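Here is a short briefing on one chain.

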Amino acid sequence: DDLGWGEVGLFPSTSPHGRIATPHLDRLGRQGTAFSQAYAGYTVCAPSRTTFLTGRHSGHFERDGIDGERISPGQGVVT
């Protein structure tokens with residue numbers, strides 16, 4: 001979630017952060033589906049990851065009793 005698109009080898013770029021060797025991601029991108037337009041569920045990593053893994057919109061976290069950092073077994077979240 002902190003990896004920039006220009007840092008992965010598959011997507012050529014002049015990223016100021018440098019390049020990272022990502023052979024497995026490169027292979028996945030060549031063989032699979034590349035998503036070039038995406039929605040990040042939140043502005044920081046843990047809640048964004050929670051949004052991605054649960055499929056729940058971050059605007060509903062409070063309503064659903066999710067704090068965006070941890071999910072308790074009793075919360076009924078299925079991933």
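The model is predicted. Helix α2 itself spans residues 45–54.

**Helix α2**
- The buried residues of α2 are P47, S48, T50, T51 and T54.
- Around the helix axis they cover an arc of only 155 degrees, which puts them on the same side of α2.
- In general, an α-helix has 3.6 residues a turn, so residues three or four places apart point the same way.
- The packing partner of these buried α2 residues is α3, residues 61–64.

- E7 sits in the segment before α1, which spans 23–31.
- Is E7 buried or exposed? Its relative accessibility is 10%, so E7 counts as buried, the cut-off being under 20%.
- E7 and T22 lie 15 residues apart in sequence. Their C-alpha atoms are 8.8 Å apart in space.

**The chain as a whole**
- The chain holds three helices and zero strands.
- Along the sequence, the pattern reads α-α-α.
- The chain has 79 residues, and 22% of them count as buried.
- Take the contacts between residues at least 6 apart in sequence: 9% of these join residues at least 24 apart.

Note on methods: Residues numbered from 1 in each chain as written. Predicted model: local features only at pLDDT ≥ 70, side-chain atom pairs only at ≥ 80, totals over all residues. Heavy atoms only, no water. Buried < 20%, exposed > 50% of the residue type's maximum accessible area, 1.4 Å probe, protein only. Helix = DSSP H or I, 4+ residues; strand = E, 2+ residues; numbered from the N terminus. Arc of directions from axis to C-beta. Contact = heavy atoms within 4.5 Å.
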